[in-house]
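Here is a short report on how parts of a structure meet and what lies between them. Keep the view open as you read.

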Amino acid sequence: MRKNGSNTKTILFLAALAVVLLFLPSVLTRFYTYILSLIFVTALLAMSLNMVVGHGGLFQFHHCVFYGVGAYAFALMITKAGLPMWISFIVAPFVSALTGLIIGWLCVRLTKLYFGMLQISLGSLIWAIIFRWYSLTHGDDGIHGIPMPDLIASTTSAYYFIFLFFVLCLVVMYLIFKSPFGMTLQAMRDNPDRCAAVGINVRRHQLTAIVLATFFAGIAGVLFAVLERTVFPDLLFWVLSLEVFIMCLLGGWFTFAGPAVGAAITVALRTFVGIYTEYWTLVLGVLLILLIFFLPEGVMGFIYSKMESSGQRDAAGPRGV
Amino acid sequence: MLRVENLYKSFDGFIAVNGAELVVEKGQRVAVIGPNGAGKTTLFNLITGQLKPDRGKVTFNGENIGTLPPHEVCRRGIARSFQIANIFHRLSVFKNVQVSVLSRQKKSNTFFHPAHRMAVQETDRILESVGLLDKVDDIAGSLSHGDQRILEIAIALGTEPQLLILDEPTAGMSPDETAATMGLIRRLSETQGLTILFCEHDMDVVFNTAQSIMVMHYGKTIIQATPEEVRANRTVQEAYLGGEEDA
């Protein structure tokens with residue numbers, strides 16, 4: 001809504017959440033700290049995808065490619081080129097964004113499902129290159145034991161490092177979401193033809209969004225490598241892309257924070273149901289069916305509409321979009 | 001201001017526009033009429049760049065715009081509404097118009113400035129002029145059909161056009177809504193000096209509003225003249241007006 005700027009309740013809630021998250025590692029075991037870090041990484045990936053899918057209306061079916069490219073670029077710069085970790089950390093997301101620019105430049109010529117089909121083909125091509133180029137990437141074996149500076153070597157310090165960048169990225173993404181660029185992007189999702197008819201260069205706008213989203217996916221990939229010190233071709237496999245797409249649906253893809261919720265649910269399911277059965281995706285599938293029937297706007301979409309009907313309007317809600 | 005000369009467009013062998021001629025002078029209200037399938041919408045799509053003509057010329061203020069993409073045509077000063085309400089369904093009424101205003105101000109690519117504080121006055125002014133100010137916070141998709149059509153005109157106005165093209169602005173409206181919409185169009189033309197090109201099925205609306213009428217039949221321009229001359233024209237009577245009376 002344009003009349004209420006920021007919602008104090010939301011800010012208080014987020015501040016409390018941040019404080020809790022800052023203190024959690026001191027009470028949690030290493031395993032749970034690791035899982036939380038993984039949730040942040042995955043949430044960032046899902047939110048970067050949602051920039052183009054939920055807000056931009058583009059069928060970016062194979063988004064993980066840019067996650068994987070970021071992770072691999074980071075790993076290769078450290079292990080093969082011997083570059084310092086910090087330089088690799090800065091450069092790797094740009095490698096992702098460049099890949100996004102090239103693939104996106106080709107894809108924005110098409111629309112809807114055709115966009116998605118071309119995107120998935122070009123993405124699979126990159127996967128195939130990384131999978132096959134054994135001398136560079138060690139193919140299916142992946143790259144292990146990427147050395148990290150002492151500062152972020154432990155799980156707890158990696159947690160804080162990841163959390164810091166997660167929050168930073170979120171702030172930047174939120175500013176973009178609320179900016180004229182973000183608003184125009186959402187208008188384009190609803191009606192690209194109308195956008196063109198009010199003088200907006202639709203393709204260029206979409207391409208900019210793709211480059212931004214792939215940049216953030218690259219950061220997520222780098223953070224993954226920081227956490228795991230390992231990269232492997234599955235990071236770019238289409239199955240993971242599908243999973244991230246589901247996270248956006250699950251959390252609510254017309255909201256800003258929804259994909260993060262979806263990521264948390266998915267990672268938690270994979271971890272805790274995965275202990276009992278390797279068919280944890282079965283649970284995810286059932287959950288998805290229930291979602292489609294009962295919460296078609298996703299978890300966050302549902303919460304926002306509840307908040308709205310109880311008279312509380314939120315600036316970040318789907319109706320405020 | 002706008003001149004269409006000898007325009008042709010065919011789709012898979014079907015000739016939709018077959019030698020259309022049109023002249024729109026600055027400040028005029030011009031209507032295009034013709035039976036269903038006469039090529040009116042195709043003609044508008046050719047003018048505003050949604051379609052590329054096979055042959056012929058479209059000039060606007062002396063510049064050939066026939067080959068420009070829609071966003072470039074809009075930047076030259078032509079805005080339009082579509083036959084089917086073409087709005088941003090999930091955005092609020094305010095944002096629907098704001099997107100358009102920001103586009104004209106060349107601020108669509110601004111990243112780190114909150115959009116909700118930008119172009120507020122200008123957007124409010126447009127919404128006020130079309131009478132939607134009390135619905136600014138409503139989600140556009142929840143508006144009535146009539147209001148959605150009005151909102152579409154407001155979106156078009158956001159680009160501050162010199163020429164406004166309206167494709168059947170009152171289609172599907174109640175008689176009251178039709179009267180209100182035509183009142184709005186007349187007001188825009190008279191108080192703001194906006195040049196308006198529209199097509200319409202309701203002949204009362206056309207003959208009451210337009211200062212110049214172009215009649216299309218099978219993609220061809222039969223005549224463009226004043227309402228009186230068009231009414232008196234024998235070919236038009238046979239091809240169109242007469243046919244309607246028989247029906």
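## Two domains in chain B

In this predicted model, the C-alpha centres of domain 1 and domain 2 of chain B are 25 Å apart. The domain assignment gives domain 1 two stretches of chain B, 1-77 and 161-247. Domain 2 of chain B covers 86-160.

## Where the domains touch

How many residues does the contact take from each domain of chain B? Domain 1 of chain B supplies 11 residues, and domain 2 of chain B supplies nine residues.

Look at the side of domain 1 of chain B that touches domain 2 of chain B. Strand β7 (163-167) and helix α6 (175-192) of chain B each supply at least two residues there. The most come from α6(B), with three residues. By type, the residues on this side of domain 1 of chain B are seven nonpolar, three polar and one charged.

## The largest nonpolar core

Now turn to the nonpolar core. The largest one holds 172 residues. Leu44(A) and Ala154(B) have the most contacts inside this core. Helix α10 (residues 202-228) of chain A gives the most to the core, with 17 residues.

Why does this core lie between domain 1 and domain 2 of chain B? Both domains give residues to the core, so it lies between them. In soluble globular proteins, nonpolar side chains tend to be buried together.

## A closer look at Ala154(B)

Which residues does Ala154(B) contact, leaving aside its neighbours within four places in sequence? They are Val97(B), Ile126(B), Leu127(B), Val130(B) and Leu132(B).

Notes. Residues are numbered from 1 along each chain as its sequence is written. Chains are lettered from A and ligands numbered from 1 in the order in which they are written. This is a predicted model: local features need pLDDT of at least 70, side-chain atom pairs count only at pLDDT 80 or more; totals for chains, interfaces and linings use all residues. Domain bounds come from an automatic or database domain assignment. Two residues are in contact if their C-beta atoms, placed from the backbone, lie within 7 Å. Helices (H or I, at least four residues) and strands (E, at least two) are DSSP runs, numbered from the N terminus. Ala, Val, Leu, Ile, Met, Phe, Trp, Tyr, Cys and Pro count as nonpolar, Asp, Glu, Lys and Arg as charged, and the others, Gly among them, as polar. A nonpolar core is a set of buried Ala, Val, Leu, Ile, Met, Phe, Trp, Tyr and Cys residues joined through C-beta atoms within 7 Å. A residue is buried if 20 or more other C-beta atoms lie within 10 Å of its own, exposed if 12 or fewer, and partly exposed in between; C-beta atoms are placed from the backbone.
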